[in-house]
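Subject: Structure handover

Hello,

Here is the structure we talked about. Please open it alongside this note. My findings follow below.

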Amino acid sequence: MTTPSVSFGPTRGGRRAERRRVQRQKQRRIAILAGGGAVLLLVVATVFVVTRGGDKAATSGAPERTQKTLLLEVQSGADVVSAALLAHDSAKGGADGAAVLLPPTVIVSVPGGGSTTLRSSVVAGRAQQAREAVADLLGVTVDAGWVLDTTTLAALVDRVGGVQVDVDVDVVNGSTVVVGKGSQRLPGASAVTVATYLAPGEQEQARLARLQGVLDALITALPDEKALTGLLGSLGSASNASLPLPQLASFLHGLAQDSKAQRLQYDSLPVVPIDPGNGTTSSRIDAAPLASLVGRLLAPSVPASRQATGNRVYVLNGVGTPGLGSAVRAKLLPAGLIFVGSRNAPSFGRPKTVVLVREATPELQALGSRVARALGVPEDSVQTSDELGSLADVIVVVGQDFKP
């Protein structure tokens, strides 16, 4: 068989505390900008992925995971203009909180939706797939998501009394200075403008540094848990969280405590710019620095199956049903298998699913059978092909016998 090639407030109290906070922002910005210059070219075959359940055998007896993660995405219209993966450990004496700033230009593989930029990943009904895409990109569990538009983010900033931010450049609109350079308290609309601003000729890392300044000031200014629950509830329908508001408030309150204790660490996703040739700017992850970042900030959220090798599965949709890749992913991950992406097969109407492995060795046959069982298709679906390439250990061409 010929296999098609497989080519996301008030001040902290006192001038001294304020100076410390501003200085911390500057130091973090320096760290982000320095990290941005170290990106290397991504090797496409290197993939970091996530499982929600993990291989039960692999996780048996493992300590309970106390670090939780939340994907924050800010939209303007249909586009994501700011994004960050936030992490907080609720255990006593737990690890520091973390915020990984994500450039909207980074390319992600949306399960069932193919490759796109994070900017375009959240459209009607696809917020979950965007979280899955970021989870697969970083190789960590993403527990929940929070999507809000720029107007709602501005309202949140206003309701905590504005935010104190060190603005590094004059923010301009044409020849008009919208927000001047310097340390100042910003109202909501100005804070959002700064967080999303990129001056002509600047690299994306500069915008992420400004996002960090606004996000850190906002997190630090959040009220106590009870008041925060009410505040979040007042934001309206343009604030959409995948978890109940009391849980969202508890998570954000934990991050605020991390920040006030100077235990909230920021970093930006390491990427390298690319030119896709369609007049847009995109970027790909830089695998080696990403592994280091995940090890420092998100290690508790790396699933056990991520440590395994030889279990990468790529999915081709041979039916044509929209979103089928996401349904297949949901069955692969609990079995400890790694989903590395999906796309449409060259043609549709395939009646039966085919599970392709490289050779008819006992080990690879066992792997193919494991994939077939996870998908609920017959084990005689396993076939061999010498055209798998290096992206995956198994390719699944999904047929009409697959039941989501």
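Start with helix H5 (residues 188-195): 6 of its 8 residues are buried, so H5 is largely enclosed by the rest of the structure. Buried means under 20% relative accessible area, exposed means over 50%, and partly exposed is in between, with a 1.4 Å probe and protein chains only. The buried residues of H5 are Gly188, Ser190, Ala191, Val192, Val194 and Ala195. Helices (H or I, at least four residues) and strands (E, at least two) are DSSP runs, numbered from the N terminus.

Two notes on the source. This is a predicted model: local features need pLDDT of at least 70, side-chain atom pairs count only at pLDDT 80 or more, and totals for chains, interfaces and linings use all residues. Residues are numbered from 1 along each chain as its sequence is written, and side-chain values use heavy atoms, with hydrogens and water left out.

The open sheet

An open sheet is formed by 6 strands, in the order S11-S6-S1-S2-S3-S12, with mixed pairing. Strand S11 (239-241) and S12 are at the edges with a single partner strand each, so one side of each has no neighbour in the sheet. From one strand to the next, the twist averages 15°. Two strands count as paired if DSSP finds at least two bridges between them.

Strand S3 (residues 97-101) and S12 run parallel, joined by 5 bridges. Valine 100 has aspartate 267 in S12 as its bridge partner. Strand S12 (residues 264-268) is mostly covered, with 4 of its 5 residues buried. Further along the sheet, strand S1 (residues 67-76) and strand S6 (residues 144-149) run parallel and are joined by 6 bridges. Leucine 71 is opposite glycine 145 in S6.

Helices on the sheet

Helix H6 (residues 204-221) lies across S1, strand S2 (79-89), S3 and S12, at about 160° to S12. Helix H9 (residues 287-297) lies across S1, S3 and S12, at about 170° to S12. Axes are lines fitted to C-alpha atoms, for helices over the stretch in contact, and angles run from 0 to 180 degrees between N-to-C directions.

H6 also meets another helix. The axes of H6 and helix H8 (residues 245-260) come within 8 Å and cross at roughly 105°. That makes H6 roughly perpendicular to H8. Angles of 65 to 115 degrees count as roughly perpendicular, under 35 as roughly parallel, over 145 as roughly antiparallel, and the rest as oblique. Asp216, Ile219 and Thr220 in H6 meet Leu255, Ala256, Ser259 and Lys260 in H8. Contact means heavy atoms within 4.5 Å. The residues of this contact divide into 3 nonpolar, 2 polar and 2 charged. Ala, Val, Leu, Ile, Met, Phe, Trp, Tyr, Cys and Pro count as nonpolar, Asp, Glu, Lys and Arg as charged, and the others, Gly among them, as polar.

H10 and H11

The axes of helix H10 (residues 324-332) and helix H11 (residues 362-375) come within 8 Å and cross at roughly 115°. H10 and H11 are therefore roughly perpendicular to each other. Val328, Lys331 and Leu332 in H10 meet Val371, Ala374 and Leu375 in H11. These contact residues divide into 5 nonpolar, no polar and 1 charged.

In H10, the buried residues are Leu324, Gly325, Ser326, Val328, Arg329 and Leu332. The buried residues of H10 pack against helix H3 (127-138), S15, strand S16 (338-344), H11 and S19.

Look at alanine 374 in helix H11. Alanine 374 is buried, with a relative accessible area of 17%. Not counting residues up to four places away in sequence, alanine 374 touches Lys331, Ala335 and Leu337. Alanine 374 and alanine 335 are 39 residues apart along the chain, yet their C-alpha atoms are separated by 6.3 Å.

Strand S17

Both faces of strand S17 (residues 354-357) are covered: Val354 and Leu356 on one side, and Val355 and Val357 on the other, are all buried. S17 pairs with strand S19 (residues 394-398) in the antiparallel sense over 3 bridges. Leucine 356 is opposite isoleucine 395 in S19. S17 pairs with strand S18 (residues 382-384) in the parallel sense, over 3 bridges. Valine 355 is opposite valine 382 in S18.

Best wishes
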